[in-house]
Amino acid sequence: MAIPTIKWIDNSVRIVDQTKLPGKLTFINCKDVKALWKAIKVLSVRGAPALGAAAGFGVLLGIRKIKTNNRKIFEQKFLKICDYIATSRPTAVNLFNELERMKNVVIDNPKDTVSQLRIKLKRQAFEISERDKRVCRKMGSYGATLIKNGDTLLTVCNAGALATVDYGTALGVMYSAKEKKKKFKVYVCETRPLLQGARLTAWELSREKIDTTLICDNMAATLMAQGKIDMILAGADRIALNGDAANKIGTYGLAVLANYHKVPFYIVAPKSTFDANIKTGKQIPIEQRGSMEITHIARNQIAPKGIKTYNPAFDVTPHQLISAIVTEEGILRSPVKKNIFGLLKK
Ligand code: MRU
């Protein structure tokens, strides 16, 4: 299941071009920070933890172009690079948390020369990526304890290897359960408008030979009403201190349905997806994307020209609807709100 979604190779950032999947598995080599910014914007690389890794590597691309040994000038240019990367997408907090981690390298080493800073920044960017590999496997292992033999799961968007450095959050739980020889089935919501479920999750799971069934988003209610779903597993892009969690648009609707039908609804997310600066989900910035994502499918127009559209890329699930949050430190049970402070202190 390990897919090398994002990797630093030969002084460039190599990413899987997710806009080309499931048709073909191809890579893009981003040689400068502008190329990586664009890859983030058009969703060639996407998913909260992968964006965190992209932030770290993006800084490395940027500082390669700074040709000075004057620390003050280096710092100014370095901060500009961080600010630029921060303009790529607003919702996944991993991107901002990892940029903060890179900035702290500079802040915490005021006496370092520029060449010493370069070495430490490189070490930090690699550590961000390596940590993601470790924590996804830990979350997978904790989350797998929730799955019983014969269970049927439902997921939305792509919270898999493609959304992380190489393993996945919600799908990581499935990969871990499979490694533990558990038998289970998965329904995948196609996830309009950009079909990350159909294009990416269905591709990842079937590649792993996991029993996978694709549905249109509006079929989830019927499955739950028929008693066919034992749990919902989703990732997150930003979790507030009270446990409200932003994820791909449509996740909130699934949580409401799950609550009505008494189906457990789990979020799987690492600590880097928590935002220690916001109290509730109301403060989460929601990305608005272009109308063509709604009026077109695979470049084919499916709606009248000029029609007005509304295209928020994410929604927020209130903490009351979340049964538990699976993290690398363990499973935060309901009420998740109470347990978050302890988690973030660790
Ligand atoms: O717009 P995307 O494809 O970046 O949205 C991604 C999601 O919503 C994922 O579910 C989320 O980032 C969690 S990924 C482990």
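The structure is a predicted model, in which local features need pLDDT of at least 70 and side-chain atom pairs count only at pLDDT 80 or more, while totals for chains, interfaces and linings use all residues. Residues are numbered from 1 along each chain as its sequence is written, and side-chain values use heavy atoms, with hydrogens and water left out.

The secondary structure of the chain consists of eleven helices and 15 strands; helices (H or I, at least four residues) and strands (E, at least two) are DSSP runs, numbered from the N terminus. The chain is as compact as a globular protein of 346 residues, because its radius of gyration of 20 Å is close to the 20 Å given by the globule rule. That radius is taken over C-alpha atoms, and the rule is 2.2 Å times the number of residues to the power 0.38. Along the principal axes, the C-alpha atoms fill a box of roughly 65 × 50 × 40 Å.

Of the 346 residues in the chain, 55% are buried. Here buried means under 20% relative accessible area, exposed means over 50%, and partly exposed lies in between (1.4 Å probe, protein chains only). The chain exposes about 15500 Å², and carbon and sulfur atoms supply 54% of this area. Accessible areas come from the Shrake-Rupley method with a 1.4 Å probe; for residues, only the protein chains shown count as cover. Among contacts (heavy atoms within 4.5 Å) between residues at least 6 apart in sequence, 74% join residues at least 24 apart. The chain carries 56 positive and 29 negative charges, and their mean positions are 2 Å apart. In this count Lys and Arg are positive and Asp and Glu negative, with His and the chain ends not counted; a charge is placed at NZ of Lys, CZ of Arg, CG of Asp or CD of Glu.

Strand β4 (residues 151-155) runs parallel to β5 and is joined to it by five bridges; two strands pair if DSSP finds at least two bridges between them. Within this pairing, leucine 154 stands opposite tyrosine 187 in β5. Lysine 185 also belongs to β5, but it is partly exposed, at 38% relative accessibility. Leaving aside neighbours within four places in sequence, lysine 185 is in contact with Asp151, Thr152, Leu153 and Asp211. Glutamate 100 is 85 residues from lysine 185 along the chain, and 39 Å separates their C-alpha atoms.

Helix α6 (residues 170-179) is likewise largely enclosed by the rest of the structure, since eight of its ten residues are buried. The buried residues are Ala170, Leu171, Gly172, Val173, Met174, Tyr175, Ser176 and Ala177. What covers them includes the helices α5 (114-144) and α7, together with the strands β4, β5, β7 (231-234) and β10 (265-268).

Most residues other than glycine have a negative phi, and most peptide bonds are trans. Just after α6, lysine 181 takes a positive phi of about 65°. The loop between β5 and α7 (196-207) contains proline 193, and the peptide bond from arginine 192 to proline 193 is cis, with omega near 10°. Threonine 191 lies in the loop between β5 and α7 as well. This threonine has a positive phi of about 75° although it is not a glycine, and it is buried, with a relative accessible area of 1%. Arginine 299, by contrast, counts as exposed at 79% relative accessibility. Its phi is positive too, near 70°, and its place is the loop between β11 (296-297) and β12 (300-301).

A further cis peptide bond joins leucine 21 and proline 22, with omega of about 5°. Proline 22 is found in the loop between β2 (12-16) and β3 (27-30), where threonine 26 also has its place. Threonine 26 is partly exposed, at 24% relative accessibility. Apart from neighbours within four places in sequence, threonine 26 is in contact with Ile15, Val16, Asp17 and Lys20. Lysine 148 lies 122 residues from threonine 26 in sequence and 36 Å from it in space, C-alpha to C-alpha.
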